[in-house]
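Student: Before I rely on any of the labels attached to this model, I would like to see each one set against its definition. Could we go through them in turn?

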Amino acid sequence: MDTNCVSTKRPEYGVIILGNGGSGKSYLCNMIIGQDRFETDCRRESVTTTTEYHRITTGPSDLLIYNVPGLIESHQETIERNKREIIKAFKQCPISVVIFVWTQVDGRPLPDDIIAFRALQQAFQFSNKSLMFVVNKVPSKREGIFLAFLTQILNTMSISLEDIFCIETLNPDENDKLDFTRDRLLHFIAQHHEKEQRMYGDIIVQYNELAALRKALKEQCLLIEANKHTLEFQIERMAKEYEVVRKKQEKSYHNLIVELEFARELSIKEQLQDVRKKIGKEKGIKKKMEKGCEIAKDQFRMRCRGNENTNVAIGGVVGAASGASLGGAAGAGLGGAAGAGLGGVAGAGLGAGAGAGLGGAAGAGLGGVAGVAIGIVGGPCAIATGAAGAALGGAVGFAAGTAIGGAVGVVAGTVIGGAGGVVAGTAIGGAGGVVTGTTLGGAISFLYKCRKERCKLLKD
């Protein structure tokens, strides 16, 4: 996928997912993205043979989700190819966080996973804050066993349980469970710090040495199991400690959701206040137009008293009535339609109501004024005056109703409907509205932005 590697001025941050073939790297990438972007398979053989990534635009920066080949293979030639693909990912996006995906059998980590991780850790020397472990398809009752074995086997490396995320086997039809796990995983990733990943040596894996390494690891596991009392104590302790960490992770995620909901409600309230202010201004315009109509009518009546020709009266009345009718209808129709259409579900009620009411009033007022004025000017012919009053009154009323009714309807509908849509899209999970790209875009974008702001405040 070299064609995707386009140099841009926008900052790029990577999530590079490592692990052996069949560990579930592609599945994990798809879970983060929120769509089936990469091919998945449950076989131990590699499905991914070249470095791939999915770009997500998150405001001022880009997030690159990398899916790379597994390291351990059945031929040295394939191992060397995979090493080159792994190195390519880090060269393309050095500022990254790293996820290593573990698999288990009966709660024990696979020897090839341990060999692969040790080789990668020795080459890149990942720091704790930019490195995460994801244990894929591990039953909750086996989490303590896995963690007990892993900590003893990797005893030279300090491992924090807060950097470990366990995923149970999930069925495709368990949508709620899938969404919840995905949202927690996004939040888990966002708690870590991207770092410039550098190579400090070669990735050393020799196929002809794998058999001896596997044998040594098997013997190490037998020694751990031989000390049964210590192992049982370790399993119980690790299970309890990880349960505390899991609850802490879930609480942190829940607090974020509460903050998002509070921000959403506050945003809607503020935008509703803006709408009310704008409606209040439009009402003031309406009152001024009504007052202008009354003044024009009074002037018209005074002139009619000294004029024997009733054509003027007929023209004014017909013009005013026609302007009020056509202007009101146009204002109500377009104002309601604009409010309902652009506002969507959230803005339909207020958008339609505000547009119809103010559009009708404005159209009636201006239409009336225009009809009266043309009636005064029109003169001697009752029919001509009435037609002119109706035409001009209707035209002016239509324009006024369209402008004011449409404007208020659009403002009310767009602000309220748009606010609901944006907030729903930003929230995690629905944040969903965050989405093919939108779901993830909203969620991880927001999480990264929150963390960046927190870091900025701490520095200040």
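Student: What makes the largest cavity a cavity, and how much space lies in it?

Tutor: About 70 Å³ of space lies in the largest cavity of this predicted model. On a 1 Å grid over the protein atoms alone, a cavity is a set of points where a 1.4 Å probe fits but cannot get out, whereas a pocket is an open set with protein on both sides within 12 Å along at least five of seven lines. Grid points are joined across faces, edges and corners, and the volume is the space filled by probe spheres set on the points. A search of the whole structure finds two cavities of 30 Å³ or more.

Student: Which residues line the largest cavity?

Tutor: Lining residues have an atom within 4 Å of a point, and for the largest cavity they are Asn128, Leu131, Met132, Phe133, Met157, Ser158, Ile159, Ser160 and Asp163.

Student: What should I know about the model and its numbering before going further?

Tutor: Because this is a predicted model, local features need pLDDT of at least 70 and side-chain atom pairs count only at pLDDT 80 or more, while totals for chains, interfaces and linings use all residues. Residues are numbered from 1 along each chain as its sequence is written, and side-chain values use heavy atoms, with hydrogens and water left out.

Student: How much space lies in the second largest pocket, and which residues are the closest to its centre?

Tutor: The second largest pocket holds about 350 Å³ of space. It has 15 lining residues, of which Glu162, Phe188, Gln191, His192 and Gln249 are the closest to the centre. The elements giving two or more residues to this lining are α5 (175-190) and α7 (228-305), and α7 gives the most, with five residues.

Student: Why is aspartate 113 called buried?

Tutor: Buried means under 20% relative accessible area, exposed over 50%, and partly exposed in between (1.4 Å probe, protein chains only). Aspartate 113 has 0% relative accessibility and therefore counts as buried. This aspartate is found in helix α3, and a polar contact of 3.0 Å joins the side chains of aspartate 113 and asparagine 20. A polar contact is a pair of N or O atoms within 3.5 Å; within protein, one must be able to donate a hydrogen and the other to accept it, and residues adjacent in sequence count only if both atoms are side-chain atoms.

Student: Why is lysine 141 called exposed, and why is glutamine 220 called partly exposed?

Tutor: Lysine 141 has a relative accessible area of 70%, so it is exposed. Lysine 141 lies in the loop between β7 and α4, and its C-alpha atom is separated by 8.4 Å from that of alanine 239, 98 residues apart along the chain. Glutamine 220 has a relative accessible area of 24% and is therefore partly exposed. Glutamine 220 is placed in helix α6 and, leaving aside neighbours within four places in sequence, is in contact (heavy atoms within 4.5 Å) with Arg118, Gln152 and Ile153.

Student: What is the phi of glutamine 125, and what is the phi of lysine 137?

Tutor: Most residues other than glycine have a negative phi. Phi of glutamine 125 is near 50°, a positive value, and lysine 137 has a positive phi of about 55° although it is not a glycine. Glutamine 125 sits in the loop between α3 and β7 (131-136), and lysine 137 lies in the loop between β7 and α4 (143-153). Glutamine 125, with a relative accessible area of 46%, is partly exposed, and lysine 137, at 45% relative accessibility, counts as partly exposed.

Definitions and conventions
Helices (H or I, at least four residues) and strands (E, at least two) are DSSP runs, numbered from the N terminus.
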